[in-house]
Amino acid sequence: MFATKRLVNLILGGNKIKTSQTLVQRYKHEHLQVEISGENLKFPYVWLRDNCQCEQCFHKTAKSRILDWTKFDLNVKPKDVFKDENSVKICWTDGHTSQYKLNWLKFRSFTPKSQQKYNETIYKPPKITWNSENFAEIFSKHDYHEILNSDKALYDWLHKLSVYGVALIQNTPDSETAGDAIVEKVGFTKRTHYGVKFIVQNVPNTSNVAYLSSNLQMHTDLPYYEYCPGVNSLHCLVQTEGQGGDNLLSDAHYVAHYMKEHHPDQFKVLTETEVEWCDIGTEHGNDFFKLYRAPVICLDSKGEVIRVNFSIPQRGSHFPGPIESVVPWHEAHSLFFKLNQRFAANFKTKAGEILIFDNIRLLHGRNAYEDNGNNVRRLIGAYVDWDEVYSRLRCLTVKLKNEDGI
Ligand code: OGA
Ligand code: ZN
Ligand code: ZN
């Protein structure tokens with residue numbers, strides 16, 4: 001039984017709209033106000049109708065909207081609104097009836113506080129930047145077997161990875177395929193022209209400068225991919241016993257923020273000047289010719305850094321912009337590189353460790369090393385997209401945290 005209480009007063013604002021009013025005023029009143037747990041929450045009529053959860057409008061198992069938008073009335077209004085302890089029922093001017101659970105509505109509240117909570121708990125955990133000085137505090141270590149056997153351990157590892165852009169897995173079995181089980185816990189790998197997985201080892205006449213034993217300057221992998229792999233995984237099977245082979249890692253978001261504050265002109269140049277990223281060659285018998293144009297620092301519509309591209313070897317020699325921008329861009333690039341070196345952390349992974357990091361946020365590099373006859377440095381690399389990582393994190397959040405109203 002729907003214990004009804006008519007909410008006449010709540011819908012009058014919307015019905016009083018006059019056409020002479022400005023758009024802003026018009027929209028201001030086109031919402032329903034509902035009291036949920038002591039808060040007066042507002043929901044636009046058009047949004048409520050668009051998000052009707054009945055079986056005609058929303059497919060239960062596909063969890064998808066099936067409402068026919070060819071017939072959608074943008075000016076739809078409630079004719080009657082009823083509320084009981086757990087839900088709100090609306091009879092619309094288009095003849096349809098909708099019912100919404102109060103906790104479902106509350107979870108979708110438009111208040112900035114509620115939207116922020118959703119952003120942080122479900123959408124994406126907020127990133128926290130770091131530099132060489134506090135790297136030791138943020139560099140988390142996770143156990144291979146715990147990740148495979150516990151959702152909580154899997155969640156903690158992925159959460160740290162998303163917040164700090166780096167997390168280390170230890171106690172990995174000494175096998176080329178050991179990393180596969182970890183990837184499968186998340187989702188699946190991103191295949192590139194270097195393979196589903198790739199071996200980082202000193203190879204003469206290589207297809208990639210990473211497959212040499214010389215110094216590998218800090219970079220992001222595959223900036224020449226429009227759909228650039230988001231997360232890089234490097235499983236250390238054999239580390240050199242000699243000098244070198246150390247990892248360098250820098251949080252390029254920290255550097256970008258630093259540049260924005262201290263060198264705003266160079267920051268602007270790096271966010272606006274397109275660069276041609278490039279990789280040409282043959283791998284596993286397949287030839288490739290990859291080009292992608294994008295700035296070093298890519299910003300989203302809110303001005304936040306969304307992707308960093310940086311690779312000295314994989315920056316092409318065609319400069320897509322006007323000739324006047326070449327010198328300023330090289331100056332800004334040089335400063336960015338120097339700052340990344342200044343703020344970089346330095347460590348050396350051991351056999352059995354998998355270094356996992358955000359490939360579109362951090363720069364990574366490696367010192368030169370020497371192999372000898374029976375000690376040949378060998379890493380197994382693989383990529384996973386952020387879409388898969390965030391998806392797994394959200395599934396685990398729902399499973400572990402029991403959020404109400406999802
Ligand atoms: C790479 C890479 C790091 C290393 O293969 O792209 O960055 O430690 N390797 O060898
Ligand atoms: Zn419906
Ligand atoms: Zn690399």
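**View 1. Strands β5 and β6 paired in a predicted model.** In this predicted model, strand β5 is joined to strand β6, which covers residues 87-92, by five bridges, and the two strands run antiparallel. One of the positions to look for along this pairing is V81, whose bridge partner in β6 is I90.

**View 2. The open sheet that contains β5, β6 and β7.** Taken as a whole, this open sheet has three strands in the order β5-β6-β7, and the pairing between them is antiparallel. Strands β5 (78-83) and β7 (97-101) stand at the edges and have a single partner strand each, so one side of each is left without a neighbour in the sheet. On average, and with direction ignored, neighbouring strands of this sheet are turned by 15 degrees against each other.

**View 3. The zinc ion (ligand 2) and its four donor atoms.** The zinc ion (ligand 2) is coordinated by the SG atoms of C52, C54 and C57 together with the NE2 atom of H96, at 2.1 to 2.3 Å. The angles among its four donor atoms are 101 to 117 degrees, and the site is tetrahedral. Along the chain, the donors follow the spacing C-x1-C-x2-C-x38-H.

**View 4. The zinc ion (ligand 3) and its coordinating residues.** The zinc ion (ligand 3) is coordinated by H219 (NE2), D221 (OD) and H364 (NE2), at 2.0 to 2.1 Å. The spacing of these donors along the chain is H-x1-D-x142-H. Within this site, D221 lies in the loop between β11 (216-219) and β12 (231-238), while H364 lies in strand β20 (residues 362-366), and this pair, 143 residues apart, links distant parts of the chain.

**View 5. The packing of helices α10 and α11.** Two packed helices are described by the angle between their axes and the distance between the axes. Helix α10 (residues 252-262) packs with helix α11 (residues 264-272) at an angle of about 130 degrees, and their axes are 5 Å apart. That angle makes α10 oblique to α11. On the side of α10, the contact is made by A256, M259, K260, E261 and H262, and on the side of α11 by P264, Q266, F267 and L270.

Note on methods. Residues are numbered from 1 along each chain as its sequence is written. Chains are lettered from A and ligands numbered from 1 in the order in which they are written. This is a predicted model: local features need pLDDT of at least 70, side-chain atom pairs count only at pLDDT 80 or more; totals for chains, interfaces and linings use all residues. Side-chain values use heavy atoms; hydrogens and water are left out. Two strands pair if DSSP finds at least two bridges between them. Helices (H or I, at least four residues) and strands (E, at least two) are DSSP runs, numbered from the N terminus. Axes are lines fitted to C-alpha atoms, for helices over the stretch in contact, and angles run from 0 to 180 degrees between N-to-C directions. Angles under 35 degrees count as roughly parallel, over 145 as roughly antiparallel, 65 to 115 as roughly perpendicular and the rest as oblique. Contact means heavy atoms within 4.5 Å. Donors are N, O and S atoms within 2.8 Å of the metal (3.2 Å for Na, K and Ca); water is not among the atoms, so sites may look incomplete. Four donors count as tetrahedral if all angles lie between 85 and 135 degrees; four count as square planar and six as octahedral if opposite donors are over 155 degrees apart and all others between 65 and 115; anything else is irregular.
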